[in-house]
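Welcome, and please take a moment to turn the model around before reading on.

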Amino acid sequence: MVTTKLRTSGTNLSRTKVHNLRVVIEVIRTQGPISKTEIANVTSLSRQTIQYIVAELQSAELVELIDGEVKGRGHPGKKIVLAPTGAYTMGIHVDRLSTRVVVCDLVGNVIWNRTERLDTLDITTANRLIETVCLDYFSERPREAKKMVGVGIAAPGPFNQTNVRPDDLTNFQEIGTQQNLDDLSSKIGLPVIIENDAAAGAIGEHLHGVGADFDTFVFLQFGIGLGAGIILNGNKFTGSSEIAGEVGHIIVEPTNGLRCSCGKSGCLERYLSVDALCRDMGLQIEDIDLMSKLDAMIKKKEPSLVNWLQDVAPRFRQLVNILEMTIDPELVIVGGTVPRSFLELLIELSVPLYEPLNLRRQGRQVKIGTADEYVVAVGAAAASAETHFAPALTGLIL
Ligand SMILES: [Zn+2]
């Protein structure tokens, strides 16, 4: 993989100093504790360059030296690890009903979290809430705030697309416009990036959940709508225009399908999503207690809801089949803001799934995510850290 290689191999050209710094951080993050000699071997950078970069990272308090393991009689060499308290990022998951916020340290530990209710889903309210929560944190934890390098927002996408209708309930694209991100950034005083909620969930699962053991997987995000985040060979896959994973808009009813907010008819999201469930069962999507009500209904085995899940189970089965045949993932992870009981029953009613071509995966094609309700916010924080620290092709070219 070009991208994987790019992330761990440096160059000795002076104009690529920032790239080299990022490459060394990436190698320490993924392979630490690691010695300078080992970093030089992995990155193909000279020992002198590594010496210089590590000294620089140490003075920025981003890495620490620890004693290596004693092997035989030799003196244990020093190993390098990331310093958890070296930098922090904030992740904010803006959902239709609530906003979950986390602050993560440099190694991804959540050191602070908060959930706020979003009473109305309009851009002014959401921006005000984001601004308030950031400024509250800065005054509450000034020491960490000084080392905060960026804020990642995750929201239902897609963003900056021309074909998404303003009345799309499952989408919140206004928050992701460059203008809005720039405005937020100047108010907060930090770089602000946007990440699709499903992609952020995939990143969060990859770092802290079931996805940690897999290099290629799909994370299905059941929020109000339905989307997927794709991790391909260890990297987030976004497609050519950042809409890869918009599985909610796969047409599953080519004739006489229900009209979708994207302009097409017969999209999967019109049948398999909380939005569809609310329409079908006459529930209020604006109800801030909707998810706990769904949980209670499932636990009571409320026939109307069980029947609804039974009806949509074939669509879920078909979706898993489409993903398996297109992407060949090691696993499909299911998560989102819906109650865990909802996902458990949906899977229970959907098995047996279509037989996979790779028979070794039979019976373990789908799993519920293990990360908690903050998984998307953690992924957003990681995405912010990624733009700040990870090596990228653009960093080399620009
Ligand atoms: Zn659609």
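What follows is a walk through this predicted model, one region at a time.

First, some ground rules. Residues carry numbers that start from 1 along each chain as its sequence is written. Because this is a predicted model, local features need pLDDT of at least 70 and side-chain atom pairs count only at pLDDT 80 or more, while totals for chains, interfaces and linings use all residues. Here pLDDT is the predictor's confidence in each residue, from 0 to 100. The chain averages a pLDDT of 87, and 89% of the residues score at least 70. The helices and strands named here are DSSP runs numbered from the N terminus, with H or I over at least four residues for helices and E over at least two for strands.

Let us begin with an open sheet of 5 strands in the order 5-4-3-6-7, whose pairing is mixed. Its edge strands, strand 5 (110-117) and strand 7 (192-196), each pair on one side only. Two strands count as paired if DSSP finds at least two bridges between them. Neighbouring strands of this sheet are turned by 20° against each other on average, direction ignored. Within the sheet, strand 3 (residues 88-94) and strand 4 (residues 98-105) run antiparallel and are joined by 7 bridges. In this pairing, H93 stands opposite R100 in strand 4.

Two helices lie across this sheet. Helix 5 (residues 123-140) lies across strand 3, strand 4, strand 5 and strand 6 (148-155), and runs at about 145° to strand 5. Helix 7 (residues 178-188) lies across strand 6 and strand 7, at about 135° to strand 7. For such angles, axes are lines fitted to C-alpha atoms, for helices over the stretch in contact, and the values run from 0 to 180 degrees between N-to-C directions.

Now move on to another open sheet, in which 5 strands follow the order 10-9-8-11-12 with mixed pairing. Strand 10 (235-237) and strand 12 are the edge strands, each pairing on one side only. From one strand to the next, the twist averages 30°. Strand 9 (residues 226-232) and strand 10 run antiparallel, joined by 3 bridges, and the bridge partner of I231 in strand 10 is K236. Helix 8 (residues 197-208) packs on the sheet, touching strand 8, strand 9, strand 10 and strand 11, and its direction makes about 45° with that of strand 9.

Strand 8 (residues 217-222) runs parallel to strand 11, with 6 bridges between them, and I333 is the bridge partner of F219. Strand 12 (residues 366-368) is also parallel to strand 11, joined by 3 bridges; there, V334 has I368 as its bridge partner. Is strand 11 enclosed or open? 6 of the 6 residues of strand 11 (residues 331-336) are buried, so this strand is largely enclosed by the rest of the structure. A residue is buried if 20 or more other C-beta atoms lie within 10 Å of its own, exposed if 12 or fewer, and partly exposed in between, with C-beta atoms placed from the backbone. In a regular strand the side chains alternate between the two faces of the sheet. In strand 11 both faces are covered: L331, I333 and G335 are buried on one side, and V332, V334 and G336 on the other.

From strand 11, follow the chain onwards. Strand 11, helix 12 (residues 340-350) and strand 12 make a right-handed β-α-β unit, right-handed meaning that, with the strands pointing away from the viewer, the path from the first strand over the helix to the second runs clockwise. The axes of helix 11 and helix 12 come within 8 Å and cross at roughly 75°. Helix 11 and helix 12 are therefore roughly perpendicular to each other, a label used for 65 to 115 degrees, whereas angles under 35 count as roughly parallel, over 145 as roughly antiparallel and the rest as oblique. Where they meet, L309, Q310, A313, F316 and R317 in helix 11 face L345, L346, L349 and S350 in helix 12.

Finally, visit a loop. The peptide bond from V351 to P352 is cis, with omega near 0°, and P352 is placed in the loop between helix 12 and strand 12.

Technical notes:
Contact = placed C-beta atoms within 7 Å.
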